[in-house]
Amino acid sequence: MKKTLEVAVKDPRVEPKKEKLPDIEDFAYEKADRSAHSGKSKLIADVLPMNTEIASTIRPIDEPPANWEIVLEGIRKMRSSEDAPVDTMGCEKAGYFLPPKERRFAVLASSLLSSQTKDHVTHGAIQRLHQNGLLTADAIDVADETTIKDLIYPVGFYTRKASNLKKIAKICLIKYDGDIPSSLEDLLALPGIGPKMAHLVMNIAWNNVQGICVDTHVHRICNRLGWVSRPSTNQKTSTPEETRASLQLWLPKEEWVPINPLLVGFGQTICTPLRPRCGMCSISEFCPSAFKETSSPTSKKKL
């Protein structure tokens, strides 16, 4: 008996679906299940069955890592001896000379522009907007988008950010009388604003601490230090949002705001993304990642 083989042939007239471009923000916002973090400390081994020997090496998810206070103090001392770009040009400094309402919008605008962009580039863009009278919701709303795009160049994704800045200005005028949203949820509803930015704006603009602002520097350094881990595992966190959730389980709340500029500056000067300067780091003896990513195998530990 002959068998008939049916072959599916693609219709050349049908265009393949185009993939949606990823958002500018380093990570997507996911609502954390706060109920999972309440109650008594729970070992990872209680959540998933695993080898007893491995389970015994995993600390409770809300227990602080060993020597974290010594490490934090060591980083503070290193940071005090050398300025980093974040100290003078970070989003926290945006519009510090302006009245409260205008300053809040400047912090929001700076946060929007900062994604995928170095601090000095963001700072320059904010300065040019201010010099041209375009650092308020009213001014941005009536300004030509091309003008905004030219002024903020060369920030990353400047075309999309110029469009989002116009949209944000319109929303602020219609819903908040020219001010910015005062809740985390409303900030996250703005185009181009992700959790990192929203937490920073809440902390700086409204002095309302609801979470840690975790950017790529904080994400990288916390993983290098072994301060955070993915749920149910001993593995590194894969996104800044996972890092934030893990870090907030044990870091005292009074450290939630200063931890960002502290680690960002540390990441800009010593614990750099590529070839970290472990030989200059005074807390390398407490770091499980020390000298593992240096450029030369002959690098020596600082005595």
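**Close-up 1. Helix 5 passes helix 9 in a right-handed crossing.** This view, like those that follow, comes from a predicted model. Helix 5 covers residues 100-114 and helix 9 covers residues 158-176. Their axes come within 10 Å and cross at roughly 155°. Angles over 145 degrees count as roughly antiparallel, so helix 5 and helix 9 are roughly antiparallel to each other. Look for the side of helix 5 made by Phe105, Leu108, Ala109, Leu112, Leu113 and Ser114, which meet helix 9. On helix 9, the partners are Lys161, Asn164, Leu165, Ile168, Ala169 and Cys172. What kinds of residue make up this contact of helix 5 with helix 9? Nine are nonpolar, two are polar and one is charged.

**Close-up 2. Helix 8 packs against helix 9 at an angle of about 130°.** Here we stay with helix 9 but turn to another neighbour. The axes of helix 8 and helix 9 lie 9 Å apart. The angle makes helix 8 oblique to helix 9. Helix 8 passes helix 9 in a right-handed crossing. From helix 8, the contact uses Glu145, Ile148, Lys149 and Ile152. From helix 9 come Tyr158, Thr159, Lys161, Ala162, Ser163, Leu165 and Lys166. By class, the contact of helix 8 with helix 9 has five nonpolar, two polar and four charged residues.

Close-up 3. Most residues other than glycine have a negative phi, and most peptide bonds are trans. A cis peptide bond joins tyrosine 153 to proline 154, with omega at about 15°. Aspartate 177 is not a glycine, yet its phi is positive, at about 55°.

**Close-up 4. The largest cavity holds about 140 Å³ of space.** How many cavities of 30 Å³ or more does a search of the whole structure find? The search finds two. Lining the largest cavity are 16 residues, and Cys271, Pro276, Cys278, Cys281 and Cys287 lie nearest its centre. Helix 12 (residues 216-225) gives the largest share of this lining, three residues. The lining of the largest cavity divides into 11 nonpolar, two polar and three charged residues.

**Close-up 5. The second largest cavity holds about 40 Å³ of space.** Its lining is made by Met89, Gly90, Lys93, Ala94, Ser110, Thr122, His123 and Ile126. Which helix supplies the largest share of the lining of the second largest cavity? That is helix 6 (residues 119-131), with three residues. In this lining, three residues are nonpolar, four are polar and one is charged.

**Close-up 6. The second largest pocket has a volume of about 580 Å³.** Of the 27 residues that line this pocket, Thr117, Asp119, Asp215, His217 and Gln268 lie nearest its centre. Several helices contribute to the lining: helix 4 (85-89), helix 5, helix 6, helix 11 (195-205), helix 12 and helix 14 (259-269) each supply at least two residues. Helix 14 gives the most, with four residues. The lining of the second largest pocket divides into eight nonpolar, 12 polar and seven charged residues.

Note on methods. Residues are numbered from 1 along each chain as its sequence is written. This is a predicted model: local features need pLDDT of at least 70, side-chain atom pairs count only at pLDDT 80 or more; totals for chains, interfaces and linings use all residues. Side-chain values use heavy atoms; hydrogens and water are left out. Axes are lines fitted to C-alpha atoms, for helices over the stretch in contact, and angles run from 0 to 180 degrees between N-to-C directions. Angles under 35 degrees count as roughly parallel, over 145 as roughly antiparallel, 65 to 115 as roughly perpendicular and the rest as oblique. A crossing is left-handed if the near helix is turned anticlockwise from the far one by less than a right angle, and right-handed if clockwise. Contact means heavy atoms within 4.5 Å. Ala, Val, Leu, Ile, Met, Phe, Trp, Tyr, Cys and Pro count as nonpolar, Asp, Glu, Lys and Arg as charged, and the others, Gly among them, as polar. On a 1 Å grid over the protein atoms alone, a cavity is a set of points where a 1.4 Å probe fits but cannot get out, and a pocket is an open set with protein on both sides within 12 Å along at least five of seven lines; lining residues have an atom within 4 Å of a point. Grid points are joined across faces, edges and corners, and a volume is the space filled by probe spheres set on the points.
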